[in-house]
Structure formats: structure tokens, C-alpha cells
Amino acid sequence: MGCATGSIKYSLFLFNALWAILGILVIVFGGLGWGAMPQQYAIGIMVLGGIILLISMFGCFGAIRESSRMLWTYVSLLLVLLVLIAVFIFFNTRDVFKKYAMQTVEDHWQLELTKPGSMDLIQKTYSCCGRYGAGDYIAIGHRNNTVPSSCCKGNNCLNPLNVYTDGCLGKVEAAFADEASTSRYFEWGLLGFDLIILGLAIILALHYSNQRRRYNY
């Protein structure tokens, strides 16, 4: 049992090191996405990353110190995280980001009507033009029926072939659709990873609890 316990112990430590790195990446993702999603969701993602990081610390210290109490606390925290991930998958939170991004296009287009240049960043990011297409700028009489430079490859609109013909609403929707399957695999992978660590933690916690009980007797 000693060899098996040692293997589980160091496997758990290694998994938690990876878990900690993942937590840091989630925090960074939340920070980078601050302006690309509702503020409360960006905060939520950063909090989730912090929770993952905190949980990984409990797992590492519990395994190294062979503390059954810390490991049971770790198991409890993993169960909470498991529920959070399951809720994220069940409620398909990704659709919230898509709707927010599309609403941002609508809002910036309305700003573009009174404050030219409001669409520039979106158009450069998604290689698109206008709300539904380049014709939107013609319809509003933009600068003698021309499109802004952000609507063209390399900001060069002298060549008509450089003009993006797709509207930003369609490009944003397509971008989220392309990421949907990849995100789904990532979410289920995260859930499976949590379950593996949970199983190792429970085995180790039970072992150290029984060991401590025998020692007290």
C-alpha cells in the first residue's frame, strides 16, 4: 500500500500543479476579456480562476503534509467546483457572451452614426464592415459614400477588392459558432479532470484518515 499511496500522493501533487496553472490562465483570460463580455461575467471568470488556484493549494499542501483534514477540505472544495462547472455547461453561458458581443456591435453602430470611428476596433478585429455589410456606410452617406479604412485589408481602401463585404453582426455570430464545439470539449475535459483529481483526493483522504485512526488507537 505504501508504494501505491506514494504514487497517488505525487500524482495528486502533479495534477494540482497543473490545476494551479489552469487557475492562473483563467484569471488572465477574465482580465483580457474585460471589455469583450459583461463586466460581471469577467469578474465571475476571474473569481473562478482564483477558486481553482486556492483549491490547488489545499490539494498540494494536503498531499505533501499528509493531512487528512486538509484533504477532506480539498474534497469539499472540489465538489463545489464540480457543481460550478456543471452549471456553466448546463446553462450554456457561452451564449451570453455571444449575445453581449452582438449587442456591442449594435451599440457601436448607433454611436458610429453620430461619432464616426466607433466601429473601427470591431471591424479590424473581425475583418468586417458595418452592421450588415459595407452597404450600411453607403446608406448613411459616410464621407461621400465611402467606407472607413478599418473596413479594408491593411487599411487600404484604394483597391475595391480590399473592402470587407461581411457585416460585423454575421462575423461575430460565426466566430462564436466556430468556437462552440472546441469550448464544449474544453468544458467536458475540465469536468473530467476535476473528477479524476476528486477520486485521487478521496482515496488519499480515506487512507490518511484510517492511518490516523489506527495511530490514535
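These notebook entries record what I looked up on side-chain contacts and disulfides in a predicted model.

**Basis.** I number residues from 1 along each chain as its sequence is written, and I use heavy atoms for side-chain values, leaving out hydrogens and water. As the model is predicted, local features need pLDDT of at least 70 and side-chain atom pairs count only at pLDDT 80 or more, while totals for chains, interfaces and linings use all residues.

**Disulfides.** I searched for pairs of cysteine sulfur atoms within 2.5 Å and found three disulfides.

Cys128 sits in the loop between α5 and α6 and Cys168 in helix α7 (residues 168-216), so the bond ties together parts 40 residues apart in sequence. I took helices as DSSP runs of H or I with at least four residues, numbered from the N terminus. Cys128 and Cys168 are both buried; buried means under 20% relative accessible area, exposed over 50%, and partly exposed in between, with a 1.4 Å probe and protein chains only.

I then turned to Cys129 and Cys151, where the sulfur atoms lie 2.1 Å apart. The torsion about their S-S bond is about 90°, so the disulfide of Cys129 and Cys151 is right-handed. Cys129 belongs to the loop between α5 and α6 and Cys151 to the loop between α6 and α7, so parts 22 residues apart in sequence are tied together. I noted both Cys129 and Cys151 as buried.

For Cys152 and Cys157 I recorded a sulfur separation of 1.9 Å and a right-handed link with 105° about the S-S bond. Cys152 is buried at 2% relative accessible area, whereas Cys157 is partly exposed at 29%.

Numbering the bonded cysteines in sequence order, I read the pairing as 1-6, 2-3, 4-5.

**Salt bridge.** I looked for a side-chain nitrogen of Lys or Arg within 4 Å of a carboxyl oxygen of Asp or Glu, and the structure holds one such salt bridge. Arg131 and Glu106 form it, at 3.1 Å from N to O. Arg131 lies in the loop between α5 (120-126) and α6 and Glu106 in helix α4, so the pair ties together parts 25 residues apart in sequence. Glu106 is partly exposed, at 22% relative accessibility.

Methods: Helices (H or I, at least four residues) and strands (E, at least two) are DSSP runs, numbered from the N terminus.
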